[in-house]
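Q: Please guide me through the reading of a few features of a structure that is new to me.

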Amino acid sequence: MRLRRGKCAAVAVVVLLSGCADTESSTGVVSASTPPTVSASTPPSASADTPTTGSASTPATATPRAQLMPLVQHGPRDKPRVALTFDADLTALMRKRLVSGKVKSYYNEKLIDELRAMHVPATLFLTGMWMEQYPDVTRQLAADPLFELGTHTYDHRGFTKHCYTLGTVPRADMLSDVRRAVVLLDRLDPHPTRWFRFPGGCYDGTALHELAPAGVTAVGLDVPGADGFAKGPEPIVKQVLSNVRNGSIVVLHMHGGDNAPYTAEAIGPIVKTLRARGYQLVTITELMRG
């Protein structure tokens, strides 16, 4: 089956996570073939060796040949709820900069402190390499009831050719790459979810087919925060507040460093304005519940 990637609902910044599929429901759950069960009433959880279809209440079954991995693009549009999500990228090149001392840290602790101070629930998507670099931080985040953790591949390579400058995961390695990150999350988080995000938003029918057995549900977005390599907090705030609506999934970054240096400064005005507009801030699990 071929996934149609024609007229996607592109938001202002194309460098972050956009995608589309054959059909989309009003709840944001996308089906590109025989639809797999997607249930977020409880975060899907299982070992990487025992894939599920994304529902904690449904027994794992063999993946039908034509089945693609499930996708969530946004939440229900009839409720004023918004999910703030934060990606923790770490690539081989970023790790070299970290080891060499060119970058002090790729953990934006100030951002996490801001979220905690404002009591903001959030879903955090962690690369496996980031979890290896910061295992104690991962455990601390997992223990915080404000947050839920998902995966973001092992080393943030793209799942299509020409995914910006991220490189490409070979087709034969796609499933093992994702499972590697899932195994790491399972070791560090006693209640891991099976939410997953593609690096750069790059995916196609091949990737969705190859990852169907992984037991993860891909989470897209309709509001990229544009905090990657931003020159200040103001453009980030404007980008989010200009595009958010009921059911939105906002994508920002939590690794800071030289890649996303102003996210912590932007998050306060974003949260205060969203709440003033009447939005409830929730995790992806809460957004998709029911």
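Q: Is Cys-202 buried or exposed?

A: A residue is called buried under 20% relative accessible area, exposed over 50%, and partly exposed in between (1.4 Å probe, protein chains only). Cys-202 has 9% relative accessibility, so Cys-202 counts as buried. Cys-163 also counts as buried, because its relative accessibility is 2%. This is a predicted model, in which local features need pLDDT of at least 70 and side-chain atom pairs count only at pLDDT 80 or more, while totals for chains, interfaces and linings use all residues. Residues are numbered from 1 along each chain as its sequence is written, and side-chain values use heavy atoms, with hydrogens and water left out.

Q: How many disulfides does a search of the whole structure find?

A: A disulfide is a pair of cysteine sulfur atoms within 2.5 Å. The search of the whole structure finds one. It joins Cys-163 to Cys-202, with an S to S distance of 2.1 Å. Distant parts of the chain are linked by this pair, 39 residues apart: Cys-163 is in the loop between strand E6 (147-151) and helix H5 (174-188), and Cys-202 is in the loop between strand E7 (195-196) and helix H6 (205-210). Helices (H or I, at least four residues) and strands (E, at least two) are DSSP runs, numbered from the N terminus.

Q: At what angle do helix H7 and helix H8 pack?

A: Axes are lines fitted to C-alpha atoms, for helices over the stretch in contact (heavy atoms within 4.5 Å), and angles run from 0 to 180 degrees between N-to-C directions. Helix H7 (residues 233-243) and helix H8 (residues 263-276) pack at about 35°, with axes 8 Å apart. Among the residues that meet are Ile-236 and Val-240 in H7, and Ala-266 and Ile-270 in H8.
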